[in-house]
Amino acid sequence: MTIFGDDATIGRILTATGDTWAVVGLSENPERAAYRVAEKLRRIGKRVVPVHPTAETVHGEQGYASLAEIPFPVDVVDVFVNSALAGDIADQAVAIGAKAVWFQVGVIDEAAYDRTREAGLLMVMDRSPGREIPRLGLG
């Protein structure tokens, strides 16, 4: 099994890239994994910005329909979309100047992983910050 994000990279994304995370696919549905992961990110001090076609406000934070519409810098783009759409989101993350991209468990696009790293961003794929935060003792 290929590992797409070692502990050092995961730790850097969670602690040293900045505190503004755009969560693509985040909605007000508390049954969804994105909602639960957003709660964990907020508990460790991250600002979680929802990115969803409906631009819903989630956890009190204004949502946006796309990464390009966010009017302030984003440090990390956390991706909860179908793998077929994830590569385009990674490219958008590069375009907006994000420092890192995180593809959730089950979101896999090896070409996007390579492109994103070649562009100089940190990248994790097929992992969950919701699992990594406690595993690394971060909260």
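Colleague: What makes Asp126 partly exposed?

Modeller: Asp126 has a relative accessible area of 32%. Buried means under 20%, exposed over 50%, and partly exposed in between, with a 1.4 Å probe and protein chains only. Asp126 is therefore partly exposed. This is a predicted model, in which local features need pLDDT of at least 70 and side-chain atom pairs count only at pLDDT 80 or more, whereas totals for chains, interfaces and linings use all residues. Residues are numbered from 1 along each chain as its sequence is written, and side-chain values use heavy atoms, with hydrogens and water left out.

Colleague: Where does Asp126 lie, and what is its phi?

Modeller: Asp126 belongs to the loop between strand S5 (122–124) and H5; helices (H or I, at least four residues) and strands (E, at least two) are DSSP runs, numbered from the N terminus. Its phi is near 65°, a positive value in a residue other than glycine. Most residues other than glycine have a negative phi.

Colleague: Why is His59 called buried?

Modeller: The relative accessibility of His59 is 18%, so His59 counts as buried. His59 is found in the loop between S2 and S3 and has a positive phi of about 55°, although it is not a glycine.

Colleague: How do you know whether Ala68 is buried or exposed?

Modeller: Ala68 has a relative accessible area of 65%, and is therefore exposed. Ala68 also lies in the loop between S2 and S3. From C-alpha to C-alpha, Ala68 and Val51 are 9.9 Å apart in space, and they are 17 residues apart in sequence.

Colleague: Why is Thr9 classed as buried, and what does Thr9 contact?

Modeller: Its relative accessible area is 12%, so Thr9 is buried. Thr9 sits in helix H1. Leaving aside neighbours within four places in sequence, Thr9 is in contact (heavy atoms within 4.5 Å) with Leu122, Met123 and Val124.

Colleague: What makes the buried residues of H2 line one face of the helix?

Modeller: In helix H2 (residues 33–43), Ala34, Tyr35, Val37, Ala38 and Leu41 are buried. Seen down the axis of H2, these residues fall within an arc of 165°, so they line one face; the arc is that of the directions from the helix axis to the C-beta atoms. Their cover includes helix H1 (7–16), S1, S2, S3 and helix H5 (129–135).

Colleague: Why is H3 called roughly parallel to H4?

Modeller: The axes of H3 and H4 come within 9 Å and cross at roughly 10°. That angle makes H3 roughly parallel to H4, because angles under 35 degrees count as roughly parallel, over 145 as roughly antiparallel, 65 to 115 as roughly perpendicular and the rest as oblique. Axes are lines fitted to C-alpha atoms, for helices over the stretch in contact, and angles run from 0 to 180 degrees between N-to-C directions. Gly87, Ala90, Asp91 and Val94 in H3 meet Ala112, Arg115 and Thr116 in H4.

Colleague: Which residues touch the most other members of the largest nonpolar core?

Modeller: They are Leu67, Ile70, Val77, Val79, Val101 and Phe103, in a core of 26 residues. A nonpolar core is a set of buried Ala, Val, Leu, Ile, Met, Phe, Trp, Tyr and Cys residues joined through side-chain atoms within 4.5 Å.
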